[in-house]
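Student: Could we take a close look at just one part of this protein? I'd like to go through it slowly.

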Amino acid sequence: MQTIHVPLEQNAYDIHIGTGLLSSVEQMLAVMPQRRAVIVSNEVVAPLYLARLQMALEAAGVQVQTVVLPDGEQHKTMSSIEHILDAMLQTRCERKTTLIALGGGVIGDMTGFAAAIYQRGAPFIQIPTTLLAQVDSSVGGKTGINHPLGKNMIGAFYQPRVVIADLDVLNTLPDREYSAGLAEIIKYGLIDDPEFFLWLNDHMDALVARKQDALAYAIARSCANKARIVAADEREQGDRALLNLGHTFGHAIEAGLGYGVWLHGEAVAAGMVLAARCAAELGIFAAQRVTDLIRLLQVARLPVDAPALGRDAWMNWMASDKKVEGGAIRFILPTDAGKSIIRTVEQSVLDRILP
């Protein structure tokens with residue numbers, strides 16, 4: 001087991017990465033203020049892993065109840081949050097009752113948001129079951145839901161007590177979902193870790209084949225990169241926005257096509273290509289580097305061509321992005337220095353790169 005520490009002053013926690021962790025509950029028990037928990041999962045993950053986790057917790061003396069929600073981004077709504085809260089209120093859960101998110105990013109975001117608002121703050125644990133959630137959404141404390149007018153527009157910063165990333169659960173992950181997680185791993189290399197980006201070029205075939213050594217290294221390196229950025233800017237007042245490389249374009253794709261048509265990681269992949277092309281138009285990113293990124297994404301079996309939403313739709317959805325400041329859309333763009341920057345982009349440049 002590898003452990004990555006997220007060094008936040010009052011909200012520090014560990015990310016444990018390894019195998020067999022779902023049945024070994026010591027790390028969970030260590031952060032639970034009382035022996036009572038609510039496991040929130042979905043209809044896809046629950047049949048695979050819910051009983052195993054519940055039995056392990058109950059064997060350790062924890063009183064467990066479960067909430068199983070429909071699967072999919074389209075269910076990341078206030079209605080699902082109300083379902084979680086109804087179940088907790090009906091059984092008189094207390095402020096020290098721990099919520100446990102067992103699922104991908106949608107379940108993690110919703111469970112964290114429910115924990116943030118239940119009696120003004122209950123503890124919660126992240127057990128991410130997708131690659132994307134293990135390297136990204138389970139770390140950093142962003143919780144929330146979608147709104148018909150924008151993705152992740154309602155939520156709170158609320159940190160988990162611990163993150164348990166069990167590599168074994170990735171064995172049942174469909175290829176499409178797995179590739180979606182690789183997009184977020186590639187993102188970390190592109191943001192400000194050129195050494196990792198080179199490593200990914202050399203090891204992407206091993207990652208696609210789910211070789212455990214390569215996978216464990218990529219997850220740990222990604223989590224360490226995110227932990228470093230989050231520790232410096234917990235509430236995204238500055239450089240934490242760099243973690244959204246490709247997301248301004250990607251969120252527009254998700255919302256424009258309808259939530260769930262493209263997976264989040266797929267939209268981020270195409271969004272990173274648009275960001276790279278935008279940077280190339282501005283002369284801060286070489287054309288060859290755009291080609292290298294496209295090749296790497298293709299090896300990871302990810303889309304590289306964004307859908308043609310139409311200029312007005314693109315601009316409308318991107319104007320709803322959380323990085324908009326003073327009415328101006330700000331983009332995360334890679335540079336030839338192996339870093340990324342936050343800046344506005346002229347409309348003429350966007351017109352040249354948007355499909």
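Predicted model: local features only at pLDDT ≥ 70, side-chain atom pairs only at ≥ 80, totals over all residues.

Leaving aside its neighbours within four places in sequence, which residues is glutamine 134 in contact with?

Tutor: Once you skip the neighbours within four places in sequence, glutamine 134 is in contact with Pro128, Val139, Ala165, Asp166, Leu167, Val169, Leu170, Ile219 and Cys223. Glutamine 134 itself sits in helix α5, which covers residues 131-137. Is it buried or exposed? Its relative accessibility is 0%, so glutamine 134 counts as buried. Look at Asp166 again: the side chain of glutamine 134 reaches the backbone oxygen of that aspartate at 3.2 Å.

Now let's move on to some helix packing. Helix α7 (residues 194-208) packs with helix α8 (residues 212-232) at an angle of about 150°, their axes 10 Å apart. Because of that angle, α7 is roughly antiparallel to α8. Their crossing is left-handed. On the α7 side, the contact includes Phe196, Trp199 and Leu207, while α8 brings in Leu215, Tyr217 and Arg221, among others. Sorted by type, the residues of this contact are eight nonpolar, two polar and two charged.

Helix α7 has a partner in α6 (residues 175-192) too: the axes of α6 and α7 come within 7 Å and cross at roughly 160°. So α6 is roughly antiparallel to α7, and this crossing is left-handed. Among the residues that meet are Leu182, Ile185 and Tyr188 in α6, and Phe197, Leu200 and Met204 in α7.

How values were computed
Residues numbered from 1 in each chain as written. Heavy atoms only, no water. Axes fitted to C-alpha atoms, helices over the stretch in contact; angles between N-to-C directions. Helix = DSSP H or I, 4+ residues; strand = E, 2+ residues; numbered from the N terminus. Parallel < 35°, antiparallel > 145°, perpendicular 65-115°, else oblique. Left-handed = near helix turned anticlockwise from the far one by under 90°. Contact = heavy atoms within 4.5 Å. Nonpolar A, V, L, I, M, F, W, Y, C, P; charged D, E, K, R; others polar. Buried < 20%, exposed > 50% of the residue type's maximum accessible area, 1.4 Å probe, protein only. Polar contact = N/O pair within 3.5 Å; in protein donor to acceptor, adjacent residues only side chain to side chain.
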